[in-house]
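Hi everyone, thanks for coming. I'd like to walk you through one structure today, so please have a look at it before I start talking.

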Amino acid sequence: MKKKLLSIVGMIVCLLGVMSCATQTYVTYDSKVPAAWVRPATVASIALINETQYSLSNVGADINHVLAEQLVEDKDFLVVTVLDSLIENDMQADDIKTLAKSLKVDCLISLDSLQLTFTGRNKGDKVPLITWQDVLTSLLDIDSGVQSYAQLFAVMNVYVPGKPIPYAQILINDHLDWAAYAETEHEAVDYLPSTEEKIPEIIDCVAFNLKRKLLPYWETVNRPLYVHGNSTLERAKHYVDDNQWDQAAVLWREIYKNEDAYRIKALAAHNLFVYYEKISNPDKAIEWCRKGAVYFERAGSSSATGFLLKQIPELEKKKEELKRLDQQAAAELN
């Protein structure tokens, strides 16, 4: 009898879990992220130059070539060229003007500094292995959960003749993780690639990050959306499926206004947060995040409350990004 009772309880728990999951679906949409600098309208052609330290100059040159290929594919600049020679002296105003003129470009983009820090050991190394915990803690905050075996730091300066030096500075701080090599950090140490094997991945990673700083790009946002638990929620889902978000938002507002149940009001508020985030209205999205968090808390859903509260700092960041996108668009028109 006891086993049967436990079995029934287990089935009820499973059903509740399924019902909970069934109340939501996931929607994706693209969100534009601004470049790290405001590009003048006069800049249509660029040259990538290399000012990295001598020991990493070959890596710096390879990064520039990969970056150039990516920029050419995007067709955002009319001309993209690469100067292979290493520049060892700091660029001054006259140097910038002379080099830009000789290369027939409007702007010089310089890989100015590159720092690579590896953890673990290379194949064949005879140096005693430091414990992974010690190395990782020295590189990153262990509480962040970042699984890193290589830390990458790069500085790129943008030089525009006649403008302040540098016109803009772009920083890259990234890492490569060990999770693809083993389940634990201690096991991963024996399988990590050698320095020579890491370099191509590092080159691609730094070039990819630099491109994302030089040009605006689109990133995919994935959000939960509540579609069951109320007949009007289900009607709104059909509008979402047909990409008629405005009509869906009308129904969600109707639910929020007319429903008394805390949980249902919270679901509608959450969906309105998603709607306003999607249409790039972060102020309204923040407003509905706060409303949803209040009613989720009253309904006893701490996880849903926490999710919405965590979105508010990201939405504040999005407000600043939208301002930068407007500035960049205006600069390109002037």
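**A short tour of the model**

Let me begin with Lys-323, which is partly exposed at a relative accessible area of 48%. Please keep in mind that this is a predicted model. Lys-323 forms a salt bridge with Glu-320, and their closest N and O atoms are 3.5 Å apart. The two residues are three apart in helix H11, so about one helical turn separates them. Glu-320 also counts as partly exposed, with 42% relative accessibility.

Staying in helix H11, there is another pair to look at. Glu-316 and Lys-319 meet through their side chains in a salt bridge of 3.4 Å, N to O. They too are three residues apart in H11, about one helical turn. Glu-316 is partly exposed at 33%, and Lys-319 is partly exposed at 23%. This pair belongs to a network of salt bridges that links Asp-283, Glu-316 and Lys-319.

How many salt bridges does the count come to? It comes to 10. One of them joins Asp-241 to Lys-237, where the closest N and O atoms are 2.9 Å apart. Both residues lie in helix H7, residues 231-241, four residues apart and about one turn of the helix. Lys-237 is partly exposed, at 25% relative accessibility.

Now for the largest pocket. Its space is about 490 Å³. Of the 26 residues that line this pocket, Val-33, Tyr-217, Glu-219, Lys-317 and Glu-321 are the closest to its centre. Which element gives the largest share of the lining? That is H11, with seven residues. The elements that each supply at least two lining residues are strands E1 (24-33), E6 (168-177) and E7 (217-226), together with helices H6 (195-214) and H11 (302-333).

Next, a residue in helix H2, residues 57-74: Ile-63. Is Ile-63 buried or exposed? Ile-63 has a relative accessible area of 0%, so it is buried. Leaving aside residues up to four places away in sequence, Ile-63 touches Leu-111, Leu-114, Ile-203, Val-206, Ala-207 and Leu-210. Ile-63 and Pro-200 are also worth a look: they are 137 residues apart in sequence, and their C-alpha atoms are 9.2 Å apart in space.

Let me finish with some backbone details. Most residues other than glycine have a negative phi, and most peptide bonds are trans. With that in mind, look at Lys-75, which is not a glycine and yet has a positive phi of about 60 degrees. Lys-75 sits in the loop between H2 and strand E3 (79-86), and it is exposed, at 73% relative accessibility. Lys-104 is not a glycine either, and its phi is positive, about 60 degrees. You will find Lys-104 in the loop between helix H3 (93-103) and strand E4 (107-118). Lys-104 counts as exposed as well, at 71% relative accessibility.

And where is the cis peptide bond I have in mind? The bond runs from Ile-165 to Pro-166, with omega near -15 degrees. Pro-166 is in the loop between strand E5 (148-159) and E6.

That's my tour; I'm happy to go back to any part of it with you.

How values were computed
Residues are numbered from 1 along each chain as its sequence is written. This is a predicted model: local features need pLDDT of at least 70, side-chain atom pairs count only at pLDDT 80 or more; totals for chains, interfaces and linings use all residues. Side-chain values use heavy atoms; hydrogens and water are left out. Buried means under 20% relative accessible area, exposed over 50%, partly exposed in between (1.4 Å probe, protein chains only). Contact means heavy atoms within 4.5 Å. On a 1 Å grid over the protein atoms alone, a cavity is a set of points where a 1.4 Å probe fits but cannot get out, and a pocket is an open set with protein on both sides within 12 Å along at least five of seven lines; lining residues have an atom within 4 Å of a point. Grid points are joined across faces, edges and corners, and a volume is the space filled by probe spheres set on the points. A salt bridge is a side-chain nitrogen of Lys or Arg within 4 Å of a carboxyl oxygen of Asp or Glu.
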